[in-house]
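Please keep the sequence and the model in view while going through the numbered points.

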Amino acid sequence: MTETTTPVTRFAVPGRIAVSEQAAVWQTATLTEIRRETPRAATFRLAVPGWAGHLPGQHLMLRLTAPDGYVAQRHYSIASAPDDSGHIELTLDQVPDGEVSGWFHTVARPGDTVEVRGPLSGFFAWPGDRPALLLGAGSGVVPLMSMVRHHRARGLTVPLRMLVSARSPEELIYAAELGAETTPVFTRSAPPGVAVGRMTAAHVAPILAEQPANGWEAYVCGSNGFAEHASRLLVAAGQPVERIRIERFG
């Protein structure tokens with residue numbers, strides 16, 4: 001995910017999950033792998049021996065300290081599913097003039113170390129216990145992909161669907177990994193026969209019409225503009241306001 005902030009949303013957020021006290025402790029993380037996802041995004045795999053585990057949808061605080069003592073901190077969503085490997089993954093866009101993302105994309109190499117603290121934020125976490133409808137745009141797909149990976153790794157049978165918006169197929173993060181649970185929406189260019197344009201009611205309404213037992217819990221992640229647009233589509237299609245969880249970045 002890009003360098004983020006999470007302002008308070010006007011949508012109610014039920015079922016907040018507590019964050020452990022260990023999340024306040026800084027830990028050393030070692031970069032072990034870099035994988036290119038798109039021309040502007042890459043995944044960075046970190047070994048964190050003391051990591052206490054996370055839930056899909058949570059994020060962490062990352063801290064870089066320069067030789068002169070200058071410190072930069074950013075929040076990043078966790079892309080990997082929870083497991084006991086002692087590793088976590090972050091997928092970062094290269095933000096123009098971004099101090100931290102720029103370092104990762106242009107300087108970082110396997111063996112480098114950073115500091116991390118987390119996991120943080122229980123409000124956007126998905127334990128895998130309820131049907132999940134995921135809507136993301138750009139790097140907003142990152143925490144949602146943690147949910148998809150968790151769903152697959154655990155063999156969960158609870159319904160999960162994802163709508164993800166990208167400018168083009170080349171900019172669709174995790175394109176090779178997406179499966180039948182995902183419907184991509186392309187806003188600038190698309191494969192032959194696929195419509196180009198913003199996410200619309202025609203994408204959202206059919207999924208909401210399926211209505212699994214106990215209904216959907218909706219998770220929306222993206223820019224401020226996308227978050228407002230997608231949440232309005234959900235409400236217009238009948239999704240209860242109190243069952244929409246939003247994480248924004250800008």
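1. A proline in a strand. Pro119 belongs to strand β6. The peptide bond that joins Gly118 to Pro119 is cis, with omega at about 5 degrees. As background, most peptide bonds are trans, and most residues other than glycine have a negative phi. Tyr174 sits in the loop between β8 and β9.

2. Confidence. The model under review is predicted. The average pLDDT of the protein chain is 91, and 91% of the residues score at least 70. Residues 1–14, however, have a pLDDT below 50.

3. The antiparallel sheet. In what order do the strands of the open six-stranded sheet stand? The order is β4-β3-β6-β1-β2-β5, and the pairing is antiparallel. Strands β4 (71–77) and β5 (87–93) are at the edges; each has a single partner strand, and therefore one side of each is left without a neighbour in the sheet. From one strand to the next, the twist averages 40 degrees.

4. Pairing around β6. Strand β6 (residues 113–120) pairs with strand β1 (residues 27–36) over four bridges, in the antiparallel sense. Within this part of the model, Thr28 stands opposite Glu115 of β6. Strands β3 and β6 likewise pair in the antiparallel sense, over four bridges. Here Met61 has Arg117 in β6 as its bridge partner. In general, the strands of a sheet pair through backbone hydrogen bonds, in either a parallel or an antiparallel manner.

5. Helix α1 (residues 99–106) lies across β1, β2 (41–47), β3 (59–65), β4, β5 and β6. The helix runs at about 80 degrees to β4.

6. The parallel sheet. Another open sheet has five strands in the order β9-β8-β7-β10-β11, with parallel pairing. Which strands form its edges? They are β9 (182–186) and β11 (244–249), each of which pairs on one side only. Neighbouring strands of this sheet are turned against each other by 10 degrees on average, direction ignored. Strands β10 and β11 pair in the parallel sense over six bridges, and Gly222 stands opposite Arg248 in β11.

7. Helix α3 (residues 201–210) lies across β7, β8 and β9 and runs at about 175 degrees to β8.

8. The largest pocket. How much space lies in the largest pocket? The value is about 520 Å³. Its lining comprises 23 residues, of which Ala137, Gly138, Ser139, Ser165 and Arg167 lie nearest the centre. The elements that give two or more residues to this lining are β8 (160–166), β10 (217–223) and α4 (224–236). By class, the lining has eight nonpolar, ten polar and five charged residues.

9. The student may begin with the antiparallel pairing of the six-stranded sheet, continue with the parallel pairing of the five-stranded sheet, and end at the largest pocket, to whose lining β8 and β10 each give two or more residues.

Terms used
Residues are numbered from 1 along each chain as its sequence is written. This is a predicted model: local features need pLDDT of at least 70, side-chain atom pairs count only at pLDDT 80 or more; totals for chains, interfaces and linings use all residues. Side-chain values use heavy atoms; hydrogens and water are left out. On a 1 Å grid over the protein atoms alone, a cavity is a set of points where a 1.4 Å probe fits but cannot get out, and a pocket is an open set with protein on both sides within 12 Å along at least five of seven lines; lining residues have an atom within 4 Å of a point. Grid points are joined across faces, edges and corners, and a volume is the space filled by probe spheres set on the points. Ala, Val, Leu, Ile, Met, Phe, Trp, Tyr, Cys and Pro count as nonpolar, Asp, Glu, Lys and Arg as charged, and the others, Gly among them, as polar. Two strands pair if DSSP finds at least two bridges between them. Axes are lines fitted to C-alpha atoms, for helices over the stretch in contact, and angles run from 0 to 180 degrees between N-to-C directions. Contact means heavy atoms within 4.5 Å. pLDDT is the predictor's confidence in each residue, from 0 to 100.
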